[in-house]
Every structure is written in C-alpha cells, then in structure tokens.
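Open the model in a viewer and keep the sequence panel beside it. The stops below can be selected one after another.

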Amino acid sequence: MKLTYLRHSCFLLETQKAKILFDPFISPNELANEIRKNSFDDTLISKLSVDQIECDYVFLSHGHEDHVADAEVILKRTGAKLVSNFEIVSWYANKGVENNHPMNLGGIWTFDFGTIKYVNAIHSSAMPDGTYGGNPGGFVIQADDKTLYYAGDTALTFDMKLIAEDFNLDVALLPIGDNFTMGVKDAIKASDFIACDHVIGMHFDTFGYIKIDHEAAVKSFSEAGKNLMLMQIGETKEL
Ligand code: NI
Ligand code: MN
C-alpha cells in the first residue's frame with residue numbers, strides 16, 4: 001500500500017483494490033496551499049487537490065471541521081463511499097450522501113479492499129453545525145498483508161493495548177501536536193501500547209496551539225528506540 005500526506009490529519013491510502021481518503025481538511029488549511037486552490041493542470045500535486053483527487057472511500061474519524069471540511073464536496077464529486085460512525089454517516093446521508101457505511105466502536109467489517117475495525121478514541125465529536133457527531137474513533141486497516149492504525153484525534157488511552165493484542169501493526173498514524181490531542185511524549189507511550197515502533201505523525205503545526213519542534217519530536221522518538229516520520233505535503237511512502 002501507498003500513503004500520501006495531504007497535511008493535518010488528511011492522508012490518501014492506496015491499496016491494491018481501493019483508494020481511501022482520511023479526514024479531508026484541505027481548502028481551509030493554509031499549510032495545504034499547494035492543493036487547496038482550484039488547479040486544472042495535471043501535475044502530481046494538482047491531482048491531490050479538492051477538485052481533482054480521486055478516491056473510492058472517505059473515512060472520517062470524527063465530526064470536527066478540521067477533519068471533515070472537504071468531505072461533502074469530495075464525496076459528491078467522486079461518489080466515494082463514506083465510512084464513519086453512525087451519527088456522522090446519518091448527517092451526511094441527510095445531505096444526500098447515499099453511498100455510505102455506518103460503523104460504531106468495536107465493530108469490524110470487511111470491505112472489497114480489506115478489513116476495518118473502528119476503535120476507541122478519547123476526544124469529542126460535533127459536526128460543523130453543532131449536531132452531535134457520535135463518539136470519535138480511529139481505524140485499524142488490514143489490506144494487502146499490511147496493518148495500519150489511523151488513530152484520529154485522541155488522547156493516550158489504555159484501550160490502545162487492546163489493539164496490540166489483536167493486530168501486528170506495520171505502521172501507526174498518531175496525532176502528536178498536543179493541546180487538542182496527545183503530544184509527542186504520550187504518542188511515544190501510545191507506540192508502546194500498540195506495539196508499533198513505526199509512527200507517522202499527524203495533527204501538528206496546522207494551528208498555533210499545535211505547532212511542534214520537528215527535530216525535537218523525531219529525537220524524542222529515536223531516543224525511545226522508535227521511528228517518527230513527518231511527511232511533506234504530497235509526499236508518498238510505500239508501506
Ligand atoms: Ni478533533
Ligand atoms: Mn482535530
């Protein structure tokens with residue numbers, strides 16, 4: 001599988017059978033300047049823009065604006081299937097997003113590309129208009145013989161140990177920006193709890209409250225014997 005970073009907590013995961021877009025927050029994000037504007041050329045970076053990006057699925061971890069801002073536009077243009085908690089899926093269904101799959105915490109479902117478990121996150125979840133957004137969650141994705149954990153917005157929680165009991169993670173996408181989610185110190189503990197030393201950082205730098213020192217963050221992970229990757233916008237990693 002291939003993973004491309006679109007800043008904040010937005011990633012495009014390409015498995016052999018499907019492209020999955022996580023938490024699209026592009027058009028309001030100044031750090032995503034390269035892809036937030038209308039762009040009609042066919043450069044690689046333009047193909048990641050809100051107007052051009054292609055995906056088969058949109059996964060939403062919770063209802064906050066900085067995770068769902070571009071979801072409706074992208075869902076309607078692409079016809080991608082929305083996967084999220086029941087409340088978020090219902091909110092989008094009322095807006096005419098009919099291709100959807102509601103889940104709730106602890107649930108597992110097998111899709112055409114692989115298997116998903118929607119797992120606990122400790123955070124909050126309201127839709128941009130204030131509607132209740134259900135419980136926030138994360139996703140464990142098994143596809144192409146790899147297992148990836150997308151934590152969403154979350155505090156460190158003992159529940160993460162349950163993930164290590166059931167899955168051998170190859171890589172974990174963890175929030176590290178602090179203030180609204182866990183920071184670097186707790187993300188290192190989380191990496192122990194989930195038994196995965198390969199971490200890709202997310203939810204950092206976008207707002208003043210979550211600006212981090214990249215070098216210090218990478219150093220803290222490496223001193224704990226772990227690998228923290230901070231990806232650039234448009235950067236793709238083969239997992
Ligand atoms: Ni949030
Ligand atoms: Mn957030």
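This is a predicted model: local features need pLDDT of at least 70, side-chain atom pairs count only at pLDDT 80 or more; totals for chains, interfaces and linings use all residues.

Residues are numbered from 1 along each chain as its sequence is written, chains are lettered from A and ligands numbered from 1 in the order in which they are written, and side-chain values use heavy atoms, with hydrogens and water left out.

**Stop 1: the nickel ion**

Select ligand 1, the nickel ion, which is coordinated by H62 (NE2), H64 (ND1), H123 (NE2) and D153 (OD) at 2.2 to 2.3 Å. Donors here are N, O and S atoms within 2.8 Å of the metal (3.2 Å for Na, K and Ca); water is not among the atoms, so sites may look incomplete. Along the sequence, the nickel donors follow the spacing H-x1-H-x58-H-x29-D. H64 sits in the loop between β4 (57-59) and α2 (65-68), and H123 in the loop between β8 and β9 (137-143), so this pair ties together parts 59 residues apart in sequence. Helices (H or I, at least four residues) and strands (E, at least two) are DSSP runs, numbered from the N terminus. H123 has 25% relative accessibility and counts as partly exposed; buried means under 20% relative accessible area, exposed over 50%, and partly exposed in between (1.4 Å probe, protein chains only).

**Stop 2: the manganese ion**

Which residue bridges the two ions? It is D153, and the manganese ion (ligand 2) and the nickel ion (ligand 1) lie 3.0 Å apart. Select ligand 2 next: its protein donors are D66 (OD), H67 (NE2), D153 (OD) and H203 (NE2), 2.1 to 2.2 Å away. D153 belongs to the loop between β10 (146-150) and α5 (160-166), and H203 to the loop between β12 (198-202) and α7 (214-223), so these two tie together parts that are 50 residues apart in sequence. D153 is buried at 2% relative accessibility, and H203 is buried at 0%.

**Stop 3: two loop residues**

Move to H8, in the loop between β1 (2-5) and β2 (11-14). Its phi is near 50°, a positive value in a residue other than glycine, and H8 is buried at 0% relative accessibility. Then select D178, in the loop between β11 (171-175) and α6. Phi of D178 is near 65°, also positive in a non-glycine residue, and D178 is partly exposed at 44% relative accessibility.

**Stop 4: the sheet**

Show the open sheet of 7 strands, ordered β7-β8-β9-β10-β11-β12-β13 with mixed pairing. Its edge strands, β7 (108-110) and β13 (227-229), each pair on one side only. Two strands pair if DSSP finds at least two bridges between them. Strand β7 is joined to β8 (residues 115-120) by 3 bridges, and the two run antiparallel. Pick I108 and look for its bridge partner in β8, K117.

**Stop 5: the cores**

Select F11, F59, F113, Y149 and L174, the residues with the most contacts inside the largest nonpolar core, which has 53 residues. Such a core is a set of buried Ala, Val, Leu, Ile, Met, Phe, Trp, Tyr and Cys residues joined through side-chain atoms within 4.5 Å. Helix α6 (residues 184-193) supplies the largest share of this core, 5 residues. Apart from this core lies another, of 26 residues, including I26, I53, L82 and V89.
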